[in-house]
Every structure is written in structure tokens, then in C-alpha cells.
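Visitor: Please take me through the sheet in this chain, step by step. I would like a close look at that one part.

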Amino acid sequence: MKKIITSLMALSLIFGASAQDGMKGTYLLGATQDITSTGWSDIQITPSVGYFVSDNIAVGLGLSY
């Protein structure tokens with residue numbers, strides 16, 4: 001079970017990328033919102049921040065709650 005959860009987390013990191021154009025040395029701020037209703041209502045908000053290490057390549061973090 002731990003291997004499955006770890007694999008899903010790794011895939012979400014890989015496929016969780018989004019395309020943004022930016023210049024080296026600038027910051028990226030954003031957020032997403034997801035609302036689903038399948039038996040239980042689920043609201044997920046994900047703020048994110050990143051830094052462009054070179055033109056069009058950013059590294060960053062997002063926190064879901």
C-alpha cells in the first residue's frame with residue numbers, strides 16, 4: 001500500500017506542472033480551486049509560489065488544503 005501511495009504522489013508531482021512564460025529572476029504566484037460533490041462535498045484550494053531559475057523554467061511549491 002505504501003508503494004502505491006508513494007507512486008501516486010510522485011506522479012502528481014510530475015504531472016502537476018503547468019506552463020508559464022517568465023524571465024529569470026522573477027516570481028510566480030498562483031492558486032487553483034477544485035469543488036467536487038460525490039456523496040461528500042469536497043473543496044480544495046491550492047496556493048502556489050515559484051521562482052524562475054532561468055527563462056521559462058521555474059521551481060516552486062504548492063500547498064493543498
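Guide: The chain has one helix and three strands. Both kinds of element are DSSP runs, numbered from the N terminus: helices are H or I over at least four residues, strands are E over at least two. Along the sequence, the pattern reads α-β-β-β. This is a predicted model, where local features need pLDDT of at least 70, side-chain atom pairs count only at pLDDT 80 or more, and totals for chains, interfaces and linings use all residues. Residues are numbered from 1 along each chain as its sequence is written, and side-chain values use heavy atoms, leaving out hydrogens and water.

Now the sheet. Three strands make an open sheet, ordered S1-S2-S3, with antiparallel pairing. Two strands pair if DSSP finds at least two bridges between them. Strand S1 (27–38) and strand S3 (57–62) are at the edges with a single partner strand each, so one side of each has no neighbour in the sheet. Neighbouring strands are turned by 25° against each other on average, direction ignored. Such angles are taken between axes, which are lines fitted to C-alpha atoms.

Look next at S2 (residues 40–54). S2 and S3 pair in the antiparallel sense over six bridges. Glycine 50 has glycine 60, in S3, as its bridge partner.

Valine 59 also lies in strand S3.

Notes:
Axes are lines fitted to C-alpha atoms, for helices over the stretch in contact, and angles run from 0 to 180 degrees between N-to-C directions.
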